[in-house]
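Here is my note on this model, as numbered points. Please read it with the structure open beside you.

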Amino acid sequence: MADIFEEVDEDLRRDSAAALWAKYQNLVYGAVALVILGTAGVTGWQIYDRNAREKAGIEYLQALQRADQDPKAAGDVLGTLIHEGGPFAGLARFDLVHQAIKAGDKAGALAQLSAMAGDAKLEAPLKGAAALMGGYVALDLGKADAALALATPLTGDGQPYRLSAAEITGLAAYASGDKTKAKEIFTKLDEELKKAAEAGTTSVPANLQNRVSIMLDRLAG
């Protein structure tokens, strides 16, 4: 289960980064945009707004550096960033979760992720990522019911994390001893993944097909 969690963690970071890049890409291009827009006669407020967002990005990176340099103070550093709000407060909450996992406090990490998944103020991509990661953490802790509760709302049509969420529901069924249900879920997921690969229209999380194949092999007996 630990290997699966590490793979999914990488997938989540990639998916979250893609979703957030679409919204905050101006932070990267901020300095160049300021020069271009400045020569075009942009207003002082627009310049201030871009500067503020760029400053927030720099402060976030600095907070991560401080957290890495002093793990004992990581909670306070990230907590301050979350309390102050801003465009990176949501990401800081994920970093706080990672700190808990590094410290071996998976129960604490699950509690944080569950709270994030139910936070109406948190952006949808981050809520979904929190629910998905929480599902895998719950499985790692042997809490199949909690994993199912977090993942099931993400399995509907059109949900961006639908494929990984389906994997969690299958693993939850397997962990609960319902191998028939687990086989049904993984068989359907396998078919969907193969169709998606052929069509090339759906983004499939890395290594998911391999994990599904492994589970089907286990359930074949």
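1. Start with K181. At 37% relative accessibility, K181 is partly exposed. The model is a predicted one, so its side-chain pairs count only at pLDDT 80 or more. K181 pairs with E184 in a salt bridge, and their closest N and O atoms lie 4.0 Å apart. Both residues belong to helix α10, and because three residues part them, they sit about one helical turn from each other.

2. Another bridge in the helix. K194 and D190 also join through a salt bridge, with 3.2 Å from N to O. Both are in helix α10, four residues apart, or about one turn. How accessible are the partners? K194 is partly exposed at 46%. D190 is buried, with a relative accessible area of 11%. The cut-off for buried is under 20%.

3. E192 and R162 meet through their side chains in a salt bridge, 2.0 Å from N to O. This pair links distant parts of the chain, 30 residues apart. E192 lies in helix α10, which spans residues 179-199, and R162 lies in helix α9, residues 162-175. E192 is partly exposed, at 27% relative accessible area. R162 has 19% and is buried, because buried means under 20%. Across the whole structure, the search finds six salt bridges.

4. Overall layout. The chain holds 11 helices and zero strands. In sequence order the pattern is α-α-α-α-α-α-α-α-α-α-α. Of the 221 residues in the chain, 39% are buried. What share of the contacts between residues at least 6 apart in sequence joins residues at least 24 apart? The share is 57%.

5. The core. Nonpolar side chains tend to be buried together in soluble globular proteins. Here the largest nonpolar core has 42 residues. Which residues touch the most other members of this core? They are L113 and F186. The elements giving two or more residues are α5 (89-102), α6 (106-117), α7 (124-140), α8 (144-151), α9, α10 and α11 (208-219). Helix α7 gives the most, with 10 residues.

6. F186 up close. Set aside the neighbours within four places in sequence. F186 then contacts E167, G170, L171, V212, M215, L216 and L219. V212, M215, L216 and L219 are also among the α11 residues listed where α10 meets α11.

7. The α10 and α11 packing. The axes of α10 and α11 come within 9 Å and cross at roughly 145°. The crossing is left-handed. On the α10 side, the residues taking part are K179, A182, K183, F186, T187, L189, D190, L193 and K194. On the α11 side they are L208, Q209, V212, M215, L216 and L219.

8. The α8 and α9 packing. Helices α8 and α9 pack at about 155°, with axes 9 Å apart. That angle makes α8 roughly antiparallel to α9. This crossing, too, is left-handed. From α8, A144, A147, L148 and A151 take part. They meet A165, I168, T169, A172 and A175 in α9.

9. S164. Is S164 buried or exposed? S164 is buried, with a relative accessible area of 6%. The residue sits in helix α9. Not counting residues up to four places away in sequence, S164 touches L132, Y136, P205 and L208.

10. L81. This residue is in helix α4, residues 74-84. L81 counts as buried at 11% relative accessibility. What distance separates the C-alpha atoms of L81 and L91? The value is 9.8 Å, for two residues 10 apart along the chain.

Definitions and conventions
Residues are numbered from 1 along each chain as its sequence is written. This is a predicted model: local features need pLDDT of at least 70, side-chain atom pairs count only at pLDDT 80 or more; totals for chains, interfaces and linings use all residues. Side-chain values use heavy atoms; hydrogens and water are left out. Buried means under 20% relative accessible area, exposed over 50%, partly exposed in between (1.4 Å probe, protein chains only). A nonpolar core is a set of buried Ala, Val, Leu, Ile, Met, Phe, Trp, Tyr and Cys residues joined through side-chain atoms within 4.5 Å. Contact means heavy atoms within 4.5 Å. Axes are lines fitted to C-alpha atoms, for helices over the stretch in contact, and angles run from 0 to 180 degrees between N-to-C directions. Angles under 35 degrees count as roughly parallel, over 145 as roughly antiparallel, 65 to 115 as roughly perpendicular and the rest as oblique. A crossing is left-handed if the near helix is turned anticlockwise from the far one by less than a right angle, and right-handed if clockwise.
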